[in-house]
Amino acid sequence: MPIKILSVDDEMDLELLLTQYFRRKIRKGEYEFVFAHNGLEALTMMVKHPDIEIILSDINMPEMDGLTLLAKLNEMRNPALKVIMVSAYGDMGNIRQAMNNGAFDFATKPIDLDDLSVTIEKAIEQIEYVHQSQAEHTQLESLKSDLAIASEIQQAILPRVFPPFPELTDKLDIAASMTPAKDVGGDFYDFFRIDDDRIGFVMADVSGKGIPAAIFMAVSRTLIRATGIRGGKPSECIAYSNKLLAAESVDSMFVTVFYGILNVNTGEVTFCNAGHNPPYLMKPDGTVEPLPIMNDPMVGAIDGLDYHDGTLQLEHGDSIVLFTDGVTEAVNKDFEEFGDSRLKKTLEGVTRQSCQQTIETVKADVAAFVGEAEQSDDITILALKRL
């Protein structure tokens, strides 16, 4: 599209002068000129031609002078519109006022057309920069909107109704929370019915941040849930998930996973820990201890790996708290980490609380420790108690 230039001047011979000098650019479709003879006509032309981007305006004109026209153009708040003022050399006071009021540049009469051509080219460079910035801003706004929707979708696929199993409220208390560090996160938790006696529960942390991690999170969560519902051992579920994820992994992404199966009648927990932080077992007497560390690798990095099962007995009143490293690695303004020792101390004070109270207390202690420092990672917690 040609750059459309409006010349505003009460001297009629300027039209011929401009069209003659810029005839090659006009023929090539690079420039298009329109003309007005005072400020009022110029405003009318702006209505007829809203794509005008450069205005050459004389200062001294009848009906509406150039300074008044400039003020009216400023009210349009169009950063891509560039105004070049034209006046006699001796009219430097008005020229200075025009520049102070936002004119892009100026030219003096008699007009040096070679110099004017350079000035117009400079204006075009600025206009192109403004258009590029506007396009980038539009893209950013669109991305921001997409991220907001993605965040809503991500939160929606995680269980959010508590208690999740109303028929088990006399046997089981369970709650969970995920707070992403960015618009979308890579952590996830999950729990689901396997059969009348067993439920599965998951805590996981995808490598990386942002949209790639969120997509990998959604795939991992769906795959583990779909496999886990079949009722096999946790190690079998994780091995199968690893096989499928490793085959499709991009940029060597992986996910650490703790997957457990609780028998709600006996309290027996069978679990597989694939490279994830060991959960804490809490006793009603205030005892808090981490589960034994397992050396099974993360999921999705390498195909063909072996995974193993561990067992745990939850007595009545016992709780298990799962979390991602966003909790223990939360840092304050001095770059100190919250750490396992602080988490353990927090949990020692909440062993008789409900699962939701436990999660809220941990989050509050982490927030108090971090203070005004920026959240560096997703913070995800799941608490499960046998009643």
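**Exercise 1. Find how many cavities of 30 Å³ or more a search of the whole structure gives, and describe the lining of the largest cavity.**

Solution. Searching the whole structure turns up one cavity of 30 Å³ or more. Here a cavity is a set of points, on a 1 Å grid over the protein atoms alone, where a 1.4 Å probe fits but cannot get out, and lining residues have an atom within 4 Å of a point. This is a predicted model, where local features need pLDDT of at least 70, side-chain atom pairs count only at pLDDT 80 or more, and totals for chains, interfaces and linings use all residues. Residues are numbered from 1 along each chain as its sequence is written, and side-chain values use heavy atoms, with hydrogens and water left out.

Next, look at the lining: Ser-7, Asp-9, Glu-11, Leu-14, Glu-15, Phe-35, Ala-36 and His-37. Helix H1 (13–21) and strand E2 (31–36) are the elements that give two or more residues to this lining.

**Exercise 2. Which residues have the most contacts inside the largest nonpolar core?**

Solution. Start with the term: a nonpolar core is a set of buried (under 20% relative accessible area) Ala, Val, Leu, Ile, Met, Phe, Trp, Tyr and Cys residues joined through side-chain atoms within 4.5 Å. The largest has 49 residues, and Val-255, Val-257, Tyr-259, Leu-262, Leu-382 and Leu-384 have the most contacts inside it. Another core, of 22 residues, lies apart from it and includes Phe-22 and Tyr-31.

Note on methods:
Buried < 20%, exposed > 50% of the residue type's maximum accessible area, 1.4 Å probe, protein only. 1 Å grid on protein atoms, 1.4 Å probe; cavity = no way out; pocket = protein on both sides within 12 Å on 5 of 7 lines; lining within 4 Å. Points joined across faces, edges and corners; volume = space filled by probe spheres on them. Helix = DSSP H or I, 4+ residues; strand = E, 2+ residues; numbered from the N terminus.
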